[in-house]
Amino acid sequence: MNKGWNFPSNDNGCVNGISDAGIETFKGTLFQSLAKEICQNSLDARKDSTKPVKIDFCLSEINTSDIPGFNRLQEVFILSEKYWGKDEESNGNEKAVMFYKKGLDILNSKKINILRISDFNTTGLTGSQKEKNSPWISLVKSKGVSEKTGTAGGSYGIGKNAPFANSEIRTVFYSTLDENGIQAYQGVAKLASFAEEKKEMFLRKKKLITQGEGFYGNIEDNSPIFSSFSLEKFVRDEVGTDIYILGFIKDGSWKNEMIKATLNSYLLSIYTNDLEVKIDNVLINKLNLETLIQEYADDLTKEYYQVLCSQNTVHKEINFADLGNITLDILIDRNLKKRKVLMARGNGMKIFDKNRISASMQFAGICILKDKRVDEYFRSMESPQHDKWEPDRHKEDRKEAKKREKELSKLIKDEIKELGASTILDEMDAVGASEYLPDEVMDTTLKGENTQESLLNKVSNISNLKKIDILKSNLKGNQIIDEKYEGNDTIWGNLSDDGDLIANKNHNNNSGNKNFNVYEYFGIASDKNEVLLKNPTKIETLKFRLFIYNQEENQYKLSFVPKVNSKKAYIQIYLTGDQGRESATIKKAYDINKNILKYRNDKIYIGDLMANQKYSIIYTIDSDEPCSMEVDIHGYNK
């Protein structure tokens, strides 16, 4: 057998550049994508369901000259740099030239980083002797092809590019001992097309353009080599697959990023002892999961872990749309801030975090598409990165897919809100106290000028409560008519121990936004002769009103009369709840004349204000339900 690197000719066909779409997909999340894609592939090839799949990520160095076919690979980089460089025919391709220059620096050095990824309790890469339609061919020698069906994770054939995105020279070796006892290995270099001269009959030379992608193996037919393989001391003696990433992009954060990604994407698989991962010298398994969660995980993953461990978690198993059962675990707790639900495949792989469920309740949840049929149905909607559902991708009925996605979303929201409502009632200090507390909007006249809306984390003594009349708003369509504005403040509020409406509007000179640059934040052009504005203050109001303006579209209307003149004013909006307040997220904002206002995050820009003049704005926040909120108005002294 004549083994070595072979870069097939494009036969005067397509010239491929260095910007491979499949590789570029993972460039923004190198280590996270690598961890997610590798674990998914190994779980899909699980051999014994009673034991966990084990994956080992091991970083080491080898002599660069020990790379199989090193001299030919180095030659290819030299030819490629020349082909894509500037010459008489073109100005060249700067991105390609930079890639090959950096690659040559690595190949010319004495040592090169390699990351070995080995899995155990898998079937290995079967089908290495076939020409098509096998796991080996799908992973090693195909584009846009996946052999995975049913509940397997991958379906687009794109995830195989994650290792190449992590290689400085875009070169990877695959090696396997499969369940049938067959050993095979092959190298793949995903480069760009380049030109070289090849000798033909009678020693004539012909200039050929390659496809760019090359294979290390049997040069005659690009088939793999059927023997054991290793690039370092590791020797495989049990069934599984090894992937060697040459020129691994090593930096100080790679290990931490991959640990975080593994915990984030496979929390459930690790917790159920279906997966163990070793990253360098850190072992991630069920036994040490709690310790690693505390050290490496983000706040959201920590909340999901609480759902798994808490005795207060409510577990439900629900048949969804006759497609099969899903499981829904819900935890209501005042310390949970993220208000999201982890949506997972039946194998425990996280797809995405579902949000926009409730802006006032404090909870976390986990939804697993448990049964095969429901798992397959939603799998058909997944994006190539497997991080969201896109119903238009569904292979059967896109309209029906959109409908079922909405049905599942509504089911989850309804279950959480129902559980949340019962939990809140259980925590009341006195039965029947809710009869005296406001439901939504209260309208009253407040004495004194220093007033502010507020929602306190406090339950009043029932003996001291006074009954407050609720304003019955006049409705015209979905809009509330602003007829009773003069002299009234509408406050989302609470009751004091004396039964009075609380409105501690403390307008001090400290806005909480010290040195806030209104020009930079909202992208507003400033007058060159104008002094830089610093230290905004809170603006006192003579009249103030906030209420739901259009309930179907979840719009709010804010009307107010400022007490003083102010320059470059803006509004800051907070959601309020039992644990205090947090910043809202504005989706739309415009004035009463439908003029669009500038907004960003929790702030809306309204410009200069005149004292004693009424201003009204309408805005929408990122929430699907009515919310209690506070509003601060900031500005600069004129």
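This report walks through a predicted model of one protein chain, from its overall make-up to a few individual residues.

## About the model

Residues are numbered from 1 along each chain as its sequence is written. Because this is a predicted model, local features need pLDDT of at least 70, side-chain atom pairs count only at pLDDT 80 or more, and totals for chains, interfaces and linings use all residues, while side-chain values use heavy atoms, with hydrogens and water left out.

## The whole chain

Let's start with the big picture. The chain contains 12 helices and 30 strands. Here helices (H or I, at least four residues) and strands (E, at least two) are DSSP runs, numbered from the N terminus.

Of the 638 residues in the chain, 52% are buried. Buried means under 20% relative accessible area, exposed means over 50%, and partly exposed lies in between, using a 1.4 Å probe and protein chains only. The accessible surface of the chain comes to about 31,400 Å², computed by the Shrake-Rupley method with a 1.4 Å probe. Carbon and sulfur atoms account for 44% of that surface.

Contacts (heavy atoms within 4.5 Å) tell us about partners along the sequence. Among contacts between residues at least 6 apart in sequence, 73% join residues at least 24 apart.

## A closer look at helix α2

Helix α2 covers residues 30-44, which is 15 residues. From its first C-alpha to its last, α2 reaches 21 Å, close to the 21 Å expected at 1.5 Å a residue. That expected span is 1.5 Å times one less than the number of residues in the helix.

Why is α2 described as largely enclosed by the rest of the structure? The reason is that 12 of its 15 residues are buried. Among them are L30, F31, L34, I38 and L43, along with K36 and E37.

## Two residues with positive phi

Most residues other than glycine have a negative phi. R356 has a positive value, near 55°, and sits in the loop between β15 (350-354) and β16 (363-368). With a relative accessible area of 33%, R356 is partly exposed.

K568 also has a positive phi, near 50°. Its place is in strand β24, residues 566-577. Is K568 buried or exposed? At 16% relative accessibility, K568 counts as buried.

## Cysteines

How many disulfides does the structure hold? There are zero, where a disulfide is a pair of cysteine sulfur atoms within 2.5 Å. C58 is partly exposed at 22% relative accessibility, and C309 is partly exposed with a relative accessible area of 39%.
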